[in-house]
Amino acid sequence: MASQIQLRAARERDMELLRDLRNEPSVRKASLQTAVIPQAEHQRWYQKALASPKTAIYIVLGSNKSPIGFVRFQRESRWISDVSIALSKNSRGHGHGSAALKRATSKIFRRWPIKKVVARIKNSNSTSVAAFLKTGFHLVPRPKETKKNVLTLEKLREKRR
Ligand SMILES: CC(C)(COP(=O)(O)OP(=O)(O)OC[C@H]1O[C@@H](n2cnc3c(N)ncnc32)[C@H](O)[C@@H]1OP(=O)(O)O)[C@@H](O)C(=O)NCCC(=O)NCCS
């Protein structure tokens with residue numbers, strides 16, 4: 001069955017949900033920064049993120065409308081945004097990750113006048129690479145500053161016909 005996920009903007013009360021997801025061991029392992037994020041540091045980051053025009057966080061809702069993950073965009077420049085995604089462990093492998101990425105990326109191209117969205121993914125994270133490739137991202141040559149074990153994938157804004 002096709003994924004039935006929905007997205008909504010993150011709110012103040014999603015703070016703990018995001019911290020729990022971010023600190024879940026497999027999500028930490030997949031992250032470029034693997035340390036556990038302490039509560040106070042997360043709180044400072046989250047409040048700044050919610051107020052910032054350069055950050056957009058979408059909560060992914062499962063078929064019963066309860067939160068199962070997040071997609072976060074961080075604008076790096078006028079034309080480029082970084083993206084990251086995490087789903088709770090028992091929601092993975094059902095197509096929800098690729099469905100959420102597809103929807104969230106369309107949303108961000110409508111919201112911000114950026115030209116591309118970039119994901120940096122550890123090369124050991126084959127599920128994540130597959131999810132991004134499935135939603136129109138493609139692999140780009142490794143920029144000089146990127147670590148050897150990290151792949152860069154990007155999705156360009158579609159040209160209007
Ligand atoms: C990465 C993540 C968001 C993907 O979401 P998901 O819902 O599990 O992925 P999907 O079910 O949409 O699968 C996408 C593709 O990945 C592959 N895949 C899915 N589960 C897999 C598994 N267990 N092993 C290997 N490949 C797998 C398949 O090719 C699949 O495509 P298909 O359904 O057409 O066969 C999710 O696994 C996750 O939250 N992981 C932990 C955090 C993380 O790694 N974040 C990415 C860092 S940016």
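Reader: What share of the chain's contacts between residues at least 6 apart in sequence join residues at least 24 apart?

Author: That share is 60%. Two residues are in contact if their C-beta atoms lie within 7 Å. Keep in mind that this is a predicted model.

Reader: What makes 161 residues with this radius of gyration agree with a compact globule?

Author: You set two values side by side. A compact globule of 161 residues would have a radius of gyration near 15 Å, and the chain has 15 Å, so the two agree. If you'd like the extent along the principal axes too, the C-alpha trace spans about 40 × 35 × 30 Å.

Reader: How many of the residues count as buried, and what makes a residue buried?

Author: To be buried, a residue needs 20 or more other C-beta atoms within 10 Å of its own. In this chain, 23% of the 161 residues pass that test.

Reader: Why is Leu-17 called partly exposed?

Author: Leu-17, which sits in helix H1 (residues 15-23), has 17 C-beta neighbours inside 10 Å. Buried takes 20 or more and exposed takes 12 or fewer, so a count in between is called partly exposed. That's why Leu-17 counts as partly exposed. Its C-alpha atom is 21 Å from that of Pro-53, 36 residues away along the chain.

Reader: And what makes Lys-65 exposed?

Author: Lys-65 has 10 C-beta neighbours inside 10 Å, and that's why it counts as exposed; the cut-off is 12 or fewer. You'll find Lys-65 in the loop between S2 and S3. Look at its phi as well: near 70°, a positive value in a residue other than glycine.

Reader: Why is Thr-34 called exposed?

Author: Thr-34 has 11 C-beta neighbours inside 10 Å, so it counts as exposed. Thr-34 is in the loop between H2 and H3. Leaving aside neighbours within four places in sequence, Thr-34 is in contact with Arg-28 and Lys-29.

Reader: How do you know that Lys-54 is partly exposed?

Author: Lys-54 has 13 other C-beta atoms within 10 Å, so it is partly exposed. Exposed would need 12 or fewer. Lys-54 belongs to the loop between H3 and S2, and, not counting residues up to four places away in sequence, Lys-54 touches Gln-74 and Arg-75.

Reader: How do you know that the span of helix H3 agrees with what it should be?

Author: H3 covers residues 39-51 and has 13 residues; at 1.5 Å a residue it should span 18 Å. Its end C-alpha atoms are 18 Å apart, so the helix agrees with that.

Reader: Why is H3 said to lie largely in the open?

Author: Count its buried residues. The number is one out of 13, so H3 lies largely in the open.

Reader: What makes up the largest nonpolar core?

Author: This core has 28 residues, and those with the most contacts inside it are Tyr-58, Val-60, Phe-70, Val-71, Ala-100, Leu-101 and Phe-132. Strands S2 (55-61), S3 (67-75), S4 and S5 each supply at least two residues, as do H4 and H5. H4 gives the most, with five. For a close-up, pick Val-71: not counting residues up to four places away in sequence, it touches Tyr-58, Val-60, Val-83, Ile-85, Ala-100, Leu-101 and Ala-104.

Reader: Which residues are closest to the ligand?

Author: The closest are Ala-30, Arg-92, Gly-97, Ser-98 and Ala-130, out of 23 residues that surround the ligand. That shell divides into nine nonpolar, twelve polar and two charged residues. H5 gives the most to the shell, with six residues.

Conventions. Residues are numbered from 1 along each chain as its sequence is written. This is a predicted model: local features need pLDDT of at least 70, side-chain atom pairs count only at pLDDT 80 or more; totals for chains, interfaces and linings use all residues. A residue is near a molecule or strand if its C-beta atom, placed from the backbone, lies within 6 Å of it. Helices (H or I, at least four residues) and strands (E, at least two) are DSSP runs, numbered from the N terminus. Ala, Val, Leu, Ile, Met, Phe, Trp, Tyr, Cys and Pro count as nonpolar, Asp, Glu, Lys and Arg as charged, and the others, Gly among them, as polar. A nonpolar core is a set of buried Ala, Val, Leu, Ile, Met, Phe, Trp, Tyr and Cys residues joined through C-beta atoms within 7 Å. The expected span of a helix is 1.5 Å times one less than its number of residues. The radius of gyration is taken over C-alpha atoms; the globule rule is 2.2 Å times the number of residues to the power 0.38.
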